[in-house]
Amino acid sequence: MTGAALLRFGFEKEVREYIEWFSEQIGSDGWVPFIIEKDGSIPGWCADWKEYDSFGEYVYLIMEYYRFTKDLDFLKKYFPKIVQVLQYQTQLRHNTMQENYLISDPSHERYQGILPASHSHEGYFPERHSYWDDYWGLKGLADGIEASQLCGSLIDQEWMQKEYQEFQTALRRSIEMTMQVKKVSYVPGCADLGDEDASSVSIGIYPTEQYQYFPKEWYLRTFQIYYEKTVLPRLQNGLKNSYTPYEIRNIHSFIELGMKSEAWNALKY
């Protein structure tokens, strides 16, 4: 996401160099490290850590670079890496498709077909089935499909399209079931908790743009609840220090959902 921001300010050379360097750190099996030191090493404290958003983010960055530069040769150079990364992600997702996956949970079906539990955006301890990871996974596949078309790989385009559709269906089913099981009217942050976390859900609106394939009212309610329970009390009580930087992305979500006055009030705050 920082690379995408840099592209918008004209730093194409720097982003290209970063992609070239980072691509060398990706495992031969397609595993994309989620935290990395300047020398390419993984910090020791990450040995038991899991985050599954890095796969989609990597593909997104390469496609963002292409969208800004139209450098097809560069895209073709890294297309095999895109395929490898998305194949690894697909194997990860298929781990939750086994019939006995979390069978002890009475509503275990809501975990099937989404990505496994992770610490995700450093948001869950212990790890949970975070929808953040799924939004990014789908964005990676959507961009992978576009890359396949541009690179003329019909075979890869076909399997990515099939995986994308099945993944998207599984995510919708999971969100809907979790809302029912947890008796909530908002889109939760993860399947396990049914938690209220609009700042996490925002990633499904931008930049992954997945919300448009789900009922809009789900997301409208999510951000109406966030505004009423979190933003309004701050405004009404004159609080000056109750704020997390992650919430900046919610302003964009308000705008996408047509909640312009809410966006303006939050931005002013």
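**A buried arginine and its surroundings**

Tutor: R93 is buried, with a relative accessible area of 1%. Keep in mind that this is a predicted model.

Student: Which helix is R93 found in?

Tutor: R93 belongs to helix α4.

Student: What is R93 in contact with, apart from its neighbours within four places in sequence?

Tutor: With those neighbours set aside, R93 is in contact with G113, I114, L115, P116, E163, E166, F167 and A170.

Student: How far apart are the C-alpha atoms of R93 and F167?

Tutor: They are separated by 8.2 Å, although R93 and F167 are 74 residues apart along the chain.

Student: Ok, T90 next. Buried or exposed?

Tutor: T90 has a relative accessible area of 11%, and the cut-off for buried is under 20%, so T90 counts as buried. T90 also has its place in helix α4. Leaving aside neighbours within four places in sequence, T90 is in contact with W159 and E163.

Student: How do α4 and α6 cross?

Tutor: Helix α6 covers residues 154-181, and its axis comes within 11 Å of the α4 axis, with a crossing of roughly 35°. The crossing is left-handed.

Student: Which residues make that contact?

Tutor: From α4 they are F79, V83, L86, Q87, Q89, T90, R93 and H94, and from α6 they are D156, W159, M160, E163, E166, F167 and A170. Sorted by class, the contact of α4 with α6 has 7 nonpolar, 4 polar and 4 charged residues.

Student: And α5, how do the axes of α4 and α5 cross?

Tutor: Helix α5 is residues 131-151, and the axes of α4 and α5 come within 10 Å and cross at roughly 140°. That angle makes α4 oblique to α5.

Student: Which residues in α4 and α5 meet?

Tutor: L72, L75, K76, F79, I82, L86 and Q89 of α4 meet G137, G140, L141, G144, A147, S148, L150 and C151 of α5. By class, this contact of α4 with α5 has 9 nonpolar, 5 polar and 1 charged residues.

Student: New topic. Which members of the largest nonpolar core touch the most other members?

Tutor: The largest nonpolar core has 69 residues, and Y58, Y135, I175, Y219 and F223 touch the most other members. Helix α4, residues 72-94, gives the most to this core, with 10 residues.

Student: Take Y135. What is Y135 in contact with?

Tutor: Leaving aside neighbours within four places in sequence, Y135 is in contact with L171, I175, V187, V201, I203, G204, T208, Q210 and Y219.

Student: Where is the peptide bond cis here?

Tutor: The bond from F125 to P126 is cis, with omega near 0°. P126 lies in the loop between α4 and α5. The bond from Y206 to P207 is cis too, with omega near 10°. P207 sits in the loop between α7 (198-201) and α8 (216-237).

Student: And which residues have a positive phi?

Tutor: Among them is S120, with phi near 45°, in the loop between α4 and α5. Another is K183, with phi near 55°, in the loop between α6 and α7.

Student: Are S120 and K183 buried or exposed?

Tutor: S120 counts as buried, at 0% relative accessibility, whereas K183 counts as exposed, at 75%.

Student: Last one, Q25. Where is the place of Q25?

Tutor: Q25 is in the loop between α2 (12-23) and α3 (54-69). Setting aside neighbours within four places in sequence, Q25 is in contact with P33, I36 and G40. The C-alpha atoms of Q25 and R221 are separated by 41 Å, and these two residues are 196 residues apart along the chain.

Terms used
Residues are numbered from 1 along each chain as its sequence is written. This is a predicted model: local features need pLDDT of at least 70, side-chain atom pairs count only at pLDDT 80 or more; totals for chains, interfaces and linings use all residues. Side-chain values use heavy atoms; hydrogens and water are left out. A nonpolar core is a set of buried Ala, Val, Leu, Ile, Met, Phe, Trp, Tyr and Cys residues joined through side-chain atoms within 4.5 Å. Buried means under 20% relative accessible area, exposed over 50%, partly exposed in between (1.4 Å probe, protein chains only). Helices (H or I, at least four residues) and strands (E, at least two) are DSSP runs, numbered from the N terminus. Contact means heavy atoms within 4.5 Å. Axes are lines fitted to C-alpha atoms, for helices over the stretch in contact, and angles run from 0 to 180 degrees between N-to-C directions. Angles under 35 degrees count as roughly parallel, over 145 as roughly antiparallel, 65 to 115 as roughly perpendicular and the rest as oblique. Ala, Val, Leu, Ile, Met, Phe, Trp, Tyr, Cys and Pro count as nonpolar, Asp, Glu, Lys and Arg as charged, and the others, Gly among them, as polar. A crossing is left-handed if the near helix is turned anticlockwise from the far one by less than a right angle, and right-handed if clockwise.
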